[in-house]
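Dear colleague,

Here is the structure I promised to hand over to you. Please keep it open while you read the notes below it.

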Amino acid sequence: MKVYKTVAGLQRHLNELRQKGAQIGFVPTMGALHDGHLSLVKRCLNENNICVVSIFVNPTQFNNKTDLEKYPRNLERDINLLKSVGCNVVFAPSVKQIYPKVDKRQFDFGPLDKVMEGTYRPGHFNGVAQVVSRLFDIVAPKKAYFGEKDFQQLAIIREMVKQYHIPVEIIGCPIVREKDGMALSSRNERLSADERKRAVKISQTLFKSVEMAKSHSVDEVKKWVIDTINEEAILEVEYYEIVNSLTMQSVNSWNDCDNITGCITVYCGEVRLIDNIQYK
Ligand code: AMP
């Protein structure tokens with residue numbers, strides 16, 4: 001496995017591979033890797049000759065300085081994990097490599113980024129679009145892999161490649177969960193043992209709500225999910241929205257559209273966790 005820290009070094013290597021006919025797949029990450037990330041890497045390895053993984057904690061997508069500073073980083077451990085699953089190339093650049101000068105681009109994703117994460121993390125998706133478009137330029141992959149864990153982000157990336165005619169196929173991959181149902185996340189590392197135990201209430205409540213949806217209205221399910229999670233003193237729901245899975249806009253009834261997803265953000269102590277569940 002090759003590890004590159006510069007754009008020039010990475011591109012030289014990828015160009016050689018492309019000349020030999022290799023198809024390049026790409027998995028962008030912010031490191032602190034877990035089995036969720038590795039599921040993307042494995043899928044990428046299955047569907048391409050070469051899998052490139054980037055590890056870059058992108059400052060422009062953090063609207064909260066403490067969150068950026070406290071984001072877990074462990075490059076050596078990440079490199080070993082990637083080696084163990086057969087990843088071919090790691091790209092771990094500095095901020096200067098990605099942003100030689102300040103990126104002033106402003107993206108507009110219409111209604112998609114005006115709700116949920118877009119409301120509570122102003123500028124977040126603009127930063128995501130900046131880094132992903134820059135990484136797509138550098139790596140020029142045929143296919144790129146993103147988790148459904150970041151459900152709204154996946155919709156934004158799909159919209160971005162459509163708007164800018166970026167020739168990359170976007171592949172969405174299912175959420176990987178712990179045995180008890182908790183969605184894997186790099187941020188879970190920041191939870192104490194007690195917080196981690198209590199945080200399972202988030203996914204458990206979402207799972208139960210799917211049963212409830214068979215006999216209750218959207219509003220009833222929404223209220224029940226928020227109240228049930230908030231019963232746990234250490235948990236505080238920031239938002240729970242039940243949305244059209246394509247447009248991210250709230251639905252009023254289960255008959256509003258064909259695919260419906262519930263998207264939640266919960267503070268567990270100081271750690272901000274996200275999860276989602278598909279109703280249909
Ligand atoms: P991050 O390092 O948090 O930016 O995540 C990098 C990629 O891994 C994103 O496409 C995430 O959606 C995906 N990812 C993170 N956690 C999971 C998970 N539990 N299951 C599947 N994909 C995930």
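Glu 211 and Lys 214 are both exposed (over 50% relative accessible area, where buried is under 20% and partly exposed is in between, with a 1.4 Å probe and protein chains only). These two residues form a salt bridge whose closest N and O atoms are 2.7 Å apart, the term meaning a side-chain nitrogen of Lys or Arg within 4 Å of a carboxyl oxygen of Asp or Glu.

Please bear in mind that this is a predicted model, in which local features need pLDDT of at least 70 and side-chain atom pairs count only at pLDDT 80 or more, while totals for chains, interfaces and linings use all residues. Residues are numbered from 1 along each chain as its sequence is written, and side-chain values use heavy atoms, with hydrogens and water left out.

Across the whole structure, the search finds 19 salt bridges. One of them joins the side chains of Arg 196 and Asp 180, at 3.0 Å from N to O. Because Arg 196 lies in helix 9 (residues 193-212) and Asp 180 in the loop between strand 6 (169-173) and helix 9, this pair ties together parts that are 16 residues apart in sequence; helices (H or I, at least four residues) and strands (E, at least two) are DSSP runs, numbered from the N terminus. Arg 196 counts as buried, at 19% relative accessibility, whereas Asp 180 is partly exposed, at 33%.

Finally, salt bridges with shared partners join Asp 67, Arg 121, Arg 187 and Arg 190 into one network.

Best wishes
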